[in-house]
Amino acid sequence: MVTISPLAGKPVPPARLIDVAKLTAAYYDLKPDPAIPAQRVAFGTSGHRGSPFHTSFNEAHILAVSQAVCDYRASAGINGPLFIGIDTHAVSKPALESALEVFAANGVETFIDAQGGYTPTPVISHAILTYNRGRTSGLADGVVVTPSHNPPEDGGYKYNPPHGGPADTDITKIVERAANDYLAAGLAGVRRIPHEQALRAACVHRHDYMTPYIEDLGAVLDMEAIRAADVAIGIDPLGGAAVAYWQPIIERYRLNATVVSTVVDPTFSFMTADWDGQIRMDCSSPYAMTRLIELGSRFDVAFANDTDADRHGIVAGTDGLMNPNHYLATAIDYLFANRSGWSTQAAVGKTVVSSSLIDRVTARLGRRLVEVPVGFKWFVEGLIDGGFGFAGEESAGASFLRKDGTAWTTDKDGIILGLLAAEITARTGHHPGVAYRKLTAELGTPYYARIDAPATAPQKALLKSLTPEQVGLHELGGEPIRATLTRAPGNNAEIGGLKVVAENGWFAARPSGTEEVYKIYAESFVSEDHLHRIQGEATTAISALFAANAAP
């Protein structure tokens, strides 16, 4: 089981904060060895991530990946503008500079923030979709330099093609392979010009990202209802990319909202430690969100976003921080009852590790459920064509359609999910926590948890390649097993692990892409004890699989 650090939920001691100068120096000074797997470019579910200290996110990586993106654009015939934004991690700005040197040298029409500030992930997606609407050629794409909620020493790089959402595995494999070839060649073939020259290049443009996104919010949310109901809102940007967006939103829509902190500090010293004692801007973690939870007594609703604002954390008054699964189910129930402009065929999209409460809500609504593997990329096409009214994942990431049933973003948008909590409060007269309790009174209370367990590289490979026949379980939590899945029922794509389902409980197991562990997600609709029983049976079954397939 998870061991909670004694630092969890407490301010981080100064001695544990990163040295930004040393981190930045490492970004430029350390050179990756492409013969070492951990130092190669690797696109996971959310782009390439790493740390300069570990020689996994350094200048050479960004130069190589950016040239690979230019090559991909050329091969795919993408010749519109490239929208690029960054979050507030310490190495995001150096990485932007490196990327811009390559994009300018390649003649890519590149749009950077007009004020040299930060740009949330959903704003980049919104900008791509807005530009491409009605076009069939000269399409735009984008890059977001962010490792999401990862610790302060990390960096990340995400590519969004013209559909505006995360690139699929076909694209990321092409980019990853080309980038690693550039690394192996000592960056031979990478076109680059000095940064100051890049800033003056005719193909580099200053762009107002903020105004179009903010002006358009009324198309996806009932901002007038929030204003008219005078909902008291507390907002904590957690020193992230949305930090400069909230006050203009408040002023534009005349909201009764307070931004409780505008501090931007690349050490994130204002955070409380997460469950393992690390700084992690995870707005779904009660340990990381201690400061936000304290706002519950001051506001009707309060919310936070992670560093690139693609995730949300919702504090429902004195009920405290809502579990992401609970809020997703509540949001789905509300939206499908209050969006008359959506198609009657619009479905609900969820990942295989999200709560089955979503299944029950969707069934009650008479809507179709589409269950896909982990990763928001699986929702992109459904959001573009209006086939998904709502798409979300258990890690507090979601998006939904405009009120007229067309696409808003095809990437996660923590900003609109926060404001939706205020809309729910305005339109129903109570915060989302009350709405959630009404749901569970009718559909049952879910008990959900994720734990990590040790796994070697061969064990993780085994878990990723399992077939249902190898699992061999017949009961789970005292109930007959209804399904053993290694492919998602919504699109038949590989889960990269397995999911075992009974009437009142399930578990899923997936290998971590970055650590020597595997993740066990489990849920019970019976009790906390029943959940623990399912977790125990899951770990026993996986351990038996590992033992049976161990090398002699």
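**Helix packing and ring pairs**

Analyst: Helix 11 (residues 324-337) packs against helix 14 (residues 414-428) at an angle of about 55°, and their axes are 11 Å apart. Helix 11 is therefore oblique to helix 14 (angles under 35 degrees are roughly parallel, over 145 roughly antiparallel, 65 to 115 roughly perpendicular, the rest oblique). This is a predicted model, where local features need pLDDT of at least 70, side-chain atom pairs count only at pLDDT 80 or more, and totals for chains, interfaces and linings use all residues. Residues are numbered from 1 along each chain as its sequence is written, and side-chain values use heavy atoms, leaving out hydrogens and water.

User: Which residues of helix 11 and helix 14 meet?

Analyst: Contact means heavy atoms within 4.5 Å. From helix 11, Tyr-327, Ala-331, Tyr-334 and Leu-335 meet residues of helix 14, including Leu-417, Leu-420 and Arg-427.

User: How is a pair of aromatic rings described?

Analyst: By the distance of the centres and the angle of the planes. Rings of Phe, Tyr and Trp (its six-membered ring) pair if their centres lie within 6.5 Å; planes under 30 degrees apart are stacked, over 60 edge-to-face, the rest tilted. The whole structure has 16 aromatic pairs. Phe-83 and Tyr-131 have ring centres 6.1 Å apart and planes at 70°, so this pair is edge-to-face. Phe-83 is in strand 3 (residues 82-86) and Tyr-131 in helix 4 (residues 121-132), 48 residues apart.

User: Is Phe-83 buried or exposed?

Analyst: Buried means under 20% relative accessible area, exposed over 50%, partly exposed in between (1.4 Å probe, protein chains only). Phe-83, at 3%, is buried, whereas Tyr-131, at 25%, is partly exposed.

Note on methods:
Axes are lines fitted to C-alpha atoms, for helices over the stretch in contact, and angles run from 0 to 180 degrees between N-to-C directions. Helices (H or I, at least four residues) and strands (E, at least two) are DSSP runs, numbered from the N terminus.
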